[in-house]
Amino acid sequence: MNESLDAWFAREILVHEDSLVLYLRRCWPQRDDIHDLRQEVYVRIYEAAGKARPAMPKSFLFATARHLMTDRLRRGRVVSIETVGDFESMNVLIDEISPERRLGARQVLRQLAEAFDRLPDRCREVVWLRRVEELPQKEVAARLGITEKTVEKHVAKGVRMIAEHFYGGDSARAGRSRQAADAERETDHEQQQAD
């Protein structure tokens, strides 16, 4: 390859700039970052092409852009331990957790566990998969052999019953066994329809 890297870059990569910008605008939610993303894509491609030129430059361009956006999303979710770990050097007052707060947290956790345990079996399973394991609704439906609409109903019912346990008072607690029986009958009916 006798051509210079700059000439290759201009001929194979820069000609797709408009398409790249449209792609970034369509896929990246923060419009202010588009210019920086484009430049970083170019830097990555230029450095990689300095080592070995890609066989399909346009595909490489868009794959690089996709990987860059994925990297940025991942980095946005991670909180560095170094930046928040050394409070003493920052002369920041640390709010010690008092025994009262610790006890209150344990009581809330115990109350949540009780509310969760009182859910009908299928409802509890759906709520666990959707809210704790954070599985998509479609995957929960496929895993349990029920419709997505049934998943929605179980989640709504489970959240409502947990909220009633926390905020409903004695009358809600008395009616809870009746609601659990109703929910169980409805689940059995839905299961029979699915079979």
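This is a predicted model: local features need pLDDT of at least 70, side-chain atom pairs count only at pLDDT 80 or more; totals for chains, interfaces and linings use all residues.
Residues are numbered from 1 along each chain as its sequence is written, and side-chain values rest on heavy atoms, with hydrogens and water left out.

Phe-9 is placed in helix 1, where helices are DSSP runs of H or I with at least four residues, numbered from the N terminus. At a relative accessibility of 9%, Phe-9 counts as buried, a word that stands for under 20% relative accessible area, with exposed meaning over 50% and partly exposed what lies in between (1.4 Å probe, protein chains only). Not counting residues up to four places away in sequence, Phe-9 touches Leu-14, Tyr-42, Ile-45 and Tyr-46, contact being taken as heavy atoms within 4.5 Å. The C-alpha atoms of Phe-9 and Tyr-46 are separated by 7.1 Å, although the two are 37 residues apart along the chain.

A nonpolar core is a set of buried Ala, Val, Leu, Ile, Met, Phe, Trp, Tyr and Cys residues joined through side-chain atoms within 4.5 Å. The largest one has 20 residues, and those with the most contacts inside it include Trp-8, Ile-13, Ile-45 and Leu-61. Helix 1, helix 2, helix 3 (34-51) and helix 4 (57-77) each supply at least two residues of this core, and the largest share, six residues, comes from helix 3. Apart from it lies another core, of nine residues, among them Leu-135, Val-140, Ile-146 and Val-151.

Turning to charged side chains, the structure holds twelve salt bridges, each defined by a side-chain nitrogen of Lys or Arg within 4 Å of a carboxyl oxygen of Asp or Glu. In one of them Arg-74 pairs with Asp-71, the closest N and O atoms being 3.5 Å apart; because they are three residues apart in helix 4, these two are separated by about one helical turn. Arg-74 counts as exposed at 51% relative accessibility, while Asp-71 counts as partly exposed at 24%. Both residues also belong to a network of salt bridges that links Glu-40, Arg-44, Asp-71, Arg-72 and Arg-74.

Another salt bridge joins the side chains of Arg-143 and Glu-133 (3.9 Å, N to O). This pair links distant parts of the chain, with Arg-143 in helix 8 (residues 137-144) and Glu-133, ten residues apart from it, in the loop between helix 7 (121-132) and helix 8.
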